[in-house]
Amino acid sequence: MKKLPFEFVMTSQNKAAKQPEYLTAVNPRGTIPAIDDNGVVLWESHAILIYLCEKYGWNDLWPADLVARAKVNQYLHFHHRNTREVVVQWSRALWPAVFEVENPDETWFRRNTFAGLQNNSRVVNDALEIIDRMLANSAFIAGPTVTLADISAYEELGQNQQKYANCTDYKKYPNITRWFIEMEKLPFHREAHAVWPLIGDINQLRGGMGTISSANKQAATVLRETVTQFPQS
Ligand SMILES: N[C@@H](CCC(=O)N[C@@H](CS)C(=O)NCC(=O)O)C(=O)O
């Protein structure tokens, strides 16, 4: 969005990110994303986003005004144990395709999905209802314009839409649905999310992890080509 040049390094959350060199030099938690900004190494997406906004003065996304910033922060704290749980709907729909298992039953799901994430549909429904209510009061999550709150929420929710992964039913949430349309208008939306249409409806996914991996590689090429167009400082 800000045309800041960067080098995108693709890794794998289950392999490369769990190797001792990544755990020691980048992120002891072994998760992605992480950033290395000339030796400043950070992990946790919200910490990375705030660091970049503060470094480059992107006060539209991370307002300088005390109260406006507090509203963004309010959402960012809410995100982790609420919106983030939507990932369960993604993994529940995705796991059978990854392992190429047809018609898995509940026993299979119990064995193959994260224990703490089972039966969480109430958390997800509550989170979606709360976000929908927030969006009833303003065009975006923390006020009248796009902020880090929207970017964080959208990365979790946007991919599950019917036209992409198709694993969350948003019909009950008219404000979220309206907000999706606005988020899609942001600069470089298509380039940043090239992987979404490439993977498509995950209920129809064929080829398991191989398909997901090649879609990610193709999307990374789109991203890298886009970044080459940005002015170098
Ligand atoms: N709270 C973290 C979540 C990071 C996270 O869970 N990343 C996933 C990929 S989307 C991951 O690396 N998972 C591997 C694991 O948990 O071991 C953030 O916002 O950066």
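In this predicted model, Leu 128, Ile 131, Asp 132, Leu 135 and Ala 136 of helix 6 meet Asn 175, Ile 176 and Trp 179 of helix 8; two residues are in contact if their C-beta atoms, placed from the backbone, lie within 7 Å. By class, the residues of this contact are six nonpolar, one polar and one charged. Here Ala, Val, Leu, Ile, Met, Phe, Trp, Tyr, Cys and Pro count as nonpolar, Asp, Glu, Lys and Arg as charged, and the others, Gly among them, as polar. Axes are lines fitted to C-alpha atoms, for helices over the stretch in contact, and angles run from 0 to 180 degrees between N-to-C directions. Helices (H or I, at least four residues) and strands (E, at least two) are DSSP runs, numbered from the N terminus.

Residues are numbered from 1 along each chain as its sequence is written. Since the model is predicted, local features need pLDDT of at least 70 and side-chain atom pairs count only at pLDDT 80 or more, while totals for chains, interfaces and linings use all residues.

Ile 131 also belongs to the largest nonpolar core, which has 27 residues; Ile 131, Ile 141, Leu 148 and Ala 149 touch the most other members. Such a core is a set of buried Ala, Val, Leu, Ile, Met, Phe, Trp, Tyr and Cys residues joined through C-beta atoms within 7 Å. A residue is buried if 20 or more other C-beta atoms lie within 10 Å of its own, exposed if 12 or fewer, and partly exposed in between. Helix 2 (45-56), helix 3 (66-81), helix 6, helix 7 (148-157) and helix 8 each supply at least two residues of this core. Leaving aside residues up to four places away in sequence, Leu 148 touches Leu 49, Ile 50, Cys 53, Leu 61, Trp 62, Val 72 and Leu 76. A second, separate core of six residues includes Leu 94, Ala 165, Cys 167 and Leu 205.

Leu 148 leads on to helix 7, where seven of the ten residues are buried. These are Leu 148, Ala 149, Asp 150, Ser 152, Ala 153, Tyr 154 and Leu 157, and they pack against helix 2, helix 3, helix 6 and helix 8. With helix 3, the packing angle is about 25° and the axes are 8 Å apart, which makes helix 3 roughly parallel to helix 7. Val 72, Tyr 75, Leu 76 and His 79 of helix 3 contact Leu 148, Ala 149, Ser 152 and Ala 153 of helix 7. Six of these residues are nonpolar, two are polar and none is charged.

Most residues other than glycine have a negative phi, and most peptide bonds are trans. A cis peptide bond joins Ile 32 and Pro 33, with omega about 10°; Pro 33 is found in the loop between helix 1 (20-25) and strand 1 (34-37). Asn 38 has a positive phi, near 50°, and is placed in the loop between strand 1 and strand 2 (40-43). Asn 38 counts as exposed because it has 5 C-beta neighbours inside 10 Å.

How values were computed
Angles under 35 degrees count as roughly parallel, over 145 as roughly antiparallel, 65 to 115 as roughly perpendicular and the rest as oblique.
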